[in-house]
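Please read the numbered points with the sequence and the model at hand.

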Amino acid sequence: MRSHRIAVIPGDGIGQEVIEAGKKVLSALAEKSGDLRFEFVDFDWSSQRHLEKGEYIPAGGLDELSRFDAIYFGAVGSQDVPDHISLWELRLAICQGFDQYANVRPARVLPGVNSRLKGAEDIDWIIVRENSEGEYSGNGGRVHQGFPDEVGTEVSVFTRKGVERIHRFAFQLAQSRPRKQLTLVTKSNAQRYGMVLWDEVFFEVAKDYPDVSIDRELVDAVTTRMVLKPETMDVIVATNLHADILSDLAAALSGSLGIAPTANLNPAGTFPSMFEPIHGSAFDIAGKGIANPVGSFWTAAMMLEHLGESTVAERLMAAIERLTASGLQTKDLGGTATTRDVTQAICADIERQ
Ligand code: NAD
Ligand code: MN
């Protein structure tokens, strides 16, 4: 019996709904396999906990979390807590605390999903987001707060080590794909220091991967290429902020934000990696039972792959594709199905296979 210990942090809003659904699907896969087990341990780290106890993560919480094989995360964000507090105190505390520096975001149009973009069926991208420094380093400050001459700074920090390791990661990922193509995205015309460092290190690292074909884009220009020539890209590497934005665009182009998954990887394996749908807690639909859980299913497939369960991951991906192809879709995709309808359908399908 293969067994995996998974820390589950549903978080806020629809995070709770889609993670509940994802656990059901993982359990259905385990039951079907017969020789596979998941030990789920739930953590109530959420905005509600913050409001009640003054903290998202209790003392010693990260130590406890560090003993799991993987973390399955929903979303964090509440109308009662400023977003920069919820994000930094929960999600970024884990990503940065566990040095999950590689954020991997696949984008692909699943069968049966309608994109509003002509030619969207050609989208097959993986966006690699630097996840530990850059624009989200947390450096900066405010002086003369509240006064007319107030100044706020937000300082991006790019280290050679941080830049080199994300480029190496992206090259290796590109190397493992059939097209072996990597696009570098920066803004090194307007930003002369950190962005030029990104470019330089990229071309140095490229020498070690001669079989990967490379090109480069400025971040503004790449948005047009994503829309007008989606077939010309494969793997994309970009900074924390740029890739954050590009991956929401990629998700929308490939159908819906509700579908897209992401992995926050600690490639060294010193700490557990964290898997989450890319969407947030979605105040507008939370509690209604209509959130699309497909993003959390695809997320679970990425987590299975990471846990060495490639065959089970493939089985899950195939079930997801049969589900979307069947036309049973939630409102964000133009359908009328509920989170529960979709979850029951995929669990039944897994059982039948
Ligand atoms: P959001 O992703 O929560 O929602 C954006 C839009 O997409 C909404 O209209 C929402 O209904 C829709 N949507 C998102 N996921 C969906 C799904 N699974 N099914 C159907 N529709 C879906 O982004 P937002 O509105 O900018 O942020 C809401 C809160 O979530 C904020 O507090 C924000 O800080 C937080 N947030 C958290 C994360 C995270 O935890 N990783 C990511 C993004 C936003
Ligand atoms: Mn984002």
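1. The shell around ligand 1. Helix α4 contributes three residues to the shell around ligand 1, the most of any element; helices and strands here are DSSP runs numbered from the N terminus, helices being H or I with at least four residues and strands E with at least two. Both α1 (14–33) and α4 (83–97) supply at least two residues of this shell. Among the 23 residues around ligand 1, those that come nearest are Gly77, Gly258, His279, Gly280 and Asn292; a residue is near a molecule if its C-beta atom, placed from the backbone, lies within 6 Å of it. By class, the shell holds 10 nonpolar, eight polar and five charged residues, where Ala, Val, Leu, Ile, Met, Phe, Trp, Tyr, Cys and Pro count as nonpolar, Asp, Glu, Lys and Arg as charged, and the others, Gly among them, as polar.

2. Basis of the model. This is a predicted model, in which local features need pLDDT of at least 70 and side-chain atom pairs count only at pLDDT 80 or more, while totals for chains, interfaces and linings use all residues. Residues are numbered from 1 along each chain as its sequence is written, and chains are lettered from A and ligands numbered from 1 in the order in which they are written.

3. Domains. The protein chain is assigned domain 1 (1–109 + 260–353) and domain 2 (115–254), with bounds that come from an automatic or database domain assignment. Taken over C-alpha atoms, the centres of domain 1 and domain 2 are 24 Å apart. Their contact takes 18 residues from domain 1 and 22 residues from domain 2; two residues are in contact if their C-beta atoms, placed from the backbone, lie within 7 Å. On the side of domain 1 that touches domain 2, α4 and β4 are the elements giving two or more residues, and β4 gives the most, with seven.

4. The nonpolar core. The largest nonpolar core has 94 residues, and Ile71, Ile127, Val128, Ile236 and Val237 have the most contacts inside it. Such a core is a set of buried Ala, Val, Leu, Ile, Met, Phe, Trp, Tyr and Cys residues joined through C-beta atoms within 7 Å. Helix α9 (residues 294–306) gives the most to this core, with eight residues. At least three residues of the core come from each of domain 1 and domain 2.

5. Strand β5. Six of the seven residues of strand β5 (residues 124–130) are buried, so the strand is largely enclosed by the rest of the structure; buried denotes 20 or more other C-beta atoms within 10 Å of a residue's own, exposed 12 or fewer, and partly exposed in between, with C-beta atoms placed from the backbone. Strand β4 (residues 102–108) runs antiparallel to β5, joined by seven bridges, whereas β5 and strand β10 (residues 235–238) run parallel, with four bridges. Strands pair if DSSP finds at least two bridges between them.

6. Backbone points to check. Asp99, in the loop between α4 and β4, has a positive phi of about 45° although it is not a glycine. Asp99 is partly exposed, with 17 other C-beta atoms within 10 Å. His144 lies in the loop between β6 (134–143) and β7 (151–157), and its phi is near 55°. His144 counts as exposed, with 10 C-beta neighbours inside 10 Å.
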